[in-house]
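Please open the structure in your viewer and keep the selection tool at hand.

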Amino acid sequence: MAAKKKTKKARPPERSLRLDAVIYPKDALMKTAEAFAGIAQVAFQRKGRYWQVRLRVLKPKLADRVADEFANHALAAAVCRSIS
Amino acid sequence: MENVEIDSRGNRIGLLLDEKIYPREVSLAAAYRFIDRCYVRLERAGRGQLLIWLKGKRKLSAKALEALAGDYDNELLQQLMRQQVAARTTGIREAIVGRALMSAEPWTEETEPNKTNEIAELDYTEDPLGIAVPWEEKYGGQEED
């Protein structure tokens, strides 16, 4: 009997963003990460004056768009935070 | 006033703003207004400057990118004006809202204004003008012309 070939599941494409930590506060990023939970796996860490955001987008076709939309959402969250 | 960089290949424009002229909250508010048609990024560019990148969600021509920069400038001015008006009218807005909230509260014995004698004598059951009298009672069986 032929050995079954193990099919490796392709890892979702990764995109990274660099966002200014003063303009995009941590809780704005947290809110955004929460909103994108079903769309991408999100990890971020502080690197100097920036947040390094890593996104593993679950739908590969949308990878670039999701990264850009993530930045927009983070901006909206930052603005809402500044006026509340 | 500002430096504009048009990057047609990247389908985006970069604007460098002086935060002394346009405070950060004004730039943020203006940027917020563009997130429906652009992907927006902001970052500090040092020495009190803010760099804003607007990338079209659709492919934009060089002319459209230039127009986008102009639209952003207009929005900046609008937000700046809004901020100045808001700062100038803070006191009066607070007074109006405070007054509205106060007057919406039910009267207590302490807060109820003193009734004048004239008002106190009025009775809702009295009908000096005969308004509550039915038509038939007032005019009998007369028909209208």
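The model shown is a predicted one. Of the 84 residues in chain A, 38% count as buried. Among contacts in chain A between residues at least 6 apart in sequence, 67% link residues at least 24 apart.

Next, display both chains and select the largest nonpolar core, which holds 43 residues. Within this core, A:Leu75, B:Val40, B:Leu42, B:Leu54 and B:Tyr72 touch the most other members. To see where the core is drawn from, colour the contributing elements. From chain A, two or more residues each are given by strand S1 (14–20), strand S3 (50–57) and helix H2 (63–83). From chain B, the corresponding elements are strand S2 (12–18), helix H1 (24–32), strand S3 (38–46), strand S4 (49–56) and helix H2 (62–88). H2(A) provides the largest share of the core, 9 residues. As a general matter, nonpolar side chains in soluble globular proteins tend to be buried together.

Now select B:Val40 and show its surroundings. Which residues does B:Val40 contact, leaving aside its neighbours within four places in sequence? From chain A, the partners are A:Tyr24, A:Ala71, A:Asn72 and A:Leu75. From chain B, they are B:Ala31, B:Phe34, B:Ile35, B:Ile52, B:Trp53 and B:Leu54.

Then select H2(A) together with H1(B). Their axes lie 10 Å apart, and the two helices pack at an angle of about 130°. Because of that angle, H2(A) is oblique to H1(B). The crossing of H2(A) past H1(B) is left-handed. Show the side chains where they meet: A:Leu75, A:Ala76 and A:Val79 on H2(A) face B:Leu28, B:Ala31 and B:Tyr32 on H1(B). Sorted by class, this contact has 6 nonpolar residues, no polar ones and no charged ones.

For the last stop, remain on helix H2 of chain A and select A:Asp68, which is found there. Is A:Asp68 buried or exposed? Its relative accessibility is 10%, and since buried means under 20%, A:Asp68 counts as buried. Finally, show the residues that A:Asp68 touches, not counting those up to four places away in sequence: B:Tyr39, B:Arg41 and B:Lys55.

Terms used. Residues numbered from 1 in each chain as written. Chains lettered and ligands numbered in written order. Predicted model: local features only at pLDDT ≥ 70, side-chain atom pairs only at ≥ 80, totals over all residues. Heavy atoms only, no water. Core = buried A, V, L, I, M, F, W, Y, C linked by side-chain atoms within 4.5 Å. Buried < 20%, exposed > 50% of the residue type's maximum accessible area, 1.4 Å probe, protein only. Helix = DSSP H or I, 4+ residues; strand = E, 2+ residues; numbered from the N terminus. Contact = heavy atoms within 4.5 Å. Axes fitted to C-alpha atoms, helices over the stretch in contact; angles between N-to-C directions. Parallel < 35°, antiparallel > 145°, perpendicular 65-115°, else oblique. Left-handed = near helix turned anticlockwise from the far one by under 90°. Nonpolar A, V, L, I, M, F, W, Y, C, P; charged D, E, K, R; others polar.
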